[in-house]
Amino acid sequence: MSVLRDLIDRAASRPAHIVMSEGTDPRVVEGAVTAVKSGIARITLIGPEDAVQAALVRAGLPNAPAIAIEDPENSALTDEVATALHDIRKHKGMTPQVAARRAQDPLVFAAMMVRLGYADGTVGGAVHTTSDTVRAALQVIGKAKDAPLVSGFFLMALPENHPSGRDAMIFSDCGLVIDPTCEELAAIAVASAASCRHLLGKEPRVALLSFSTKGSAHHEKVSKVTDALDLLKQNHPTLKADGELQFDAAFVPAVAASKAKDSEVAGTANVMIFPNLDAGNIGYKIAQRIGGCDAIGPVLQGLAKPANDLSRGCVASDVTNMIAVTVLQARA
């Protein structure tokens with residue numbers, strides 16, 4: 001898909017150092033090898049050195065200078081990781097002994113490499129759950145000072161020559177915030193619009209999705225969406241956004257002309273903001289499995305430094321694409 005090729009090309013122009021917390025998984029290793037061969041990143045793989053080396057041999061790139069290995073059990077960084085972890089978590093009751101054990105966790109070790117400046121970003125989640133991956137990122141890297149919350153989106157790459165004429169969209173939040181308030185929904189929309197602008201190079205056109213379009217139904221769930229739009233209009237008046245909109249009204253110009261003819265984004269939206277995690281997670285999986293979209297994510301937004309989550313159903317190309325996204329975030 002052209003949008004994915006563009007991501008790789010843009011990342012290759014400004015490569016970064018990305019640490020992979022699951023360095024023995026064959027999909028992760030293959031995706032990392034492709035990233036190195038494409039020139040988009042230097043890679044550090046976390047895991048037992050013998051096992052990682054064996055995985056690299058199987059992937060056809062042993063002893064590559066652009067791929068390093070760190071084993072938390074004997075790394076020269078482990079003591080520093082443990083000390084830093086104790087410093088940032090002692091207010092929660094973490095003891096030095098617990099910090100030393102937690103430093104052995106590859107998710108924690110990778111996130112701490114980013115926090116301490118040894119890497120520009122981290123990617124995990126091919127093996128670990130989203131909750132484990134995100135927890136390590138939140139506890140170690142932390143939220144950006146100017147971010148109201150951390151949320152997640154999927155970059156949806158549409159099949160080439162899609163009838164809509166579009167090549168990519170942002171779906172958010174599909175992986176993290178279960179039932180956002182109207183304030184949180186507005187914050188997710190702002191962050192997702194910025195991600196659209198940076199990653200896709202497109203002017204965001206934000207649709208706040210619902211089961212109702214412009215008053216066709218009345219319910220407190222609809223009111224949450226319209227309240228979020230009011231906050232957007234108040235605090236970000238130049239952002240092109242509208243709601244509440246059903247997905248077809250947001251995506252299909254002919255439907256928009258019938259249901260929301262006065263909307264500035266209906267029928268042309270490229271950032272879809274779902275009202276809750278049920279809708280977002282189901283929606284992206286339908287677009288992926290039935291619609292043929294490539295789904296890159298969940299990509300985290302609102303962290304102090306980049307850390308991203310893979311789906312446990314990912315393939316090697318998903319890993320490479322996520323590395324490219326993480327590089328672009330690091331170079332923002």
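Q: Which element gives the most to the lining of the largest pocket?
A: In this predicted model, α8 contributes the most to that lining, with ten residues.

Q: How do we know which residues line the largest pocket, and which of them are closest to its centre?
A: A residue counts as lining when it has an atom within 4 Å of a pocket point. There are 30 such residues around the largest pocket, and those closest to its centre are A191, A194, S195, Q301 and G302. The elements that supply two or more residues are α8 (182-200), α9 (220-235), β10 (294-301) and α13 (316-330). The volume of this pocket is about 610 Å³.

Q: Which domains each give at least three residues to the lining of the largest pocket?
A: Domain 1 (3-142 + 304-330) and domain 2 (151-290) each supply at least three residues.

Q: How do the residues of the lining of the largest pocket divide into nonpolar, polar and charged?
A: The lining comprises 19 nonpolar, eight polar and three charged residues.

Q: What is known of the second largest pocket, and which residues are the closest to its centre?
A: This pocket holds about 250 Å³ of space. It is lined by 13 residues, of which F171, F247, A287, G291 and C293 are the closest to its centre. Two or more lining residues come from each of β6 (168-172), α10 (247-251) and α12 (277-289). The largest share, three residues, comes from α12.

Definitions and conventions
Residues are numbered from 1 along each chain as its sequence is written. This is a predicted model: local features need pLDDT of at least 70, side-chain atom pairs count only at pLDDT 80 or more; totals for chains, interfaces and linings use all residues. Side-chain values use heavy atoms; hydrogens and water are left out. On a 1 Å grid over the protein atoms alone, a cavity is a set of points where a 1.4 Å probe fits but cannot get out, and a pocket is an open set with protein on both sides within 12 Å along at least five of seven lines; lining residues have an atom within 4 Å of a point. Grid points are joined across faces, edges and corners, and a volume is the space filled by probe spheres set on the points. Helices (H or I, at least four residues) and strands (E, at least two) are DSSP runs, numbered from the N terminus. Ala, Val, Leu, Ile, Met, Phe, Trp, Tyr, Cys and Pro count as nonpolar, Asp, Glu, Lys and Arg as charged, and the others, Gly among them, as polar. Domain bounds come from an automatic or database domain assignment.
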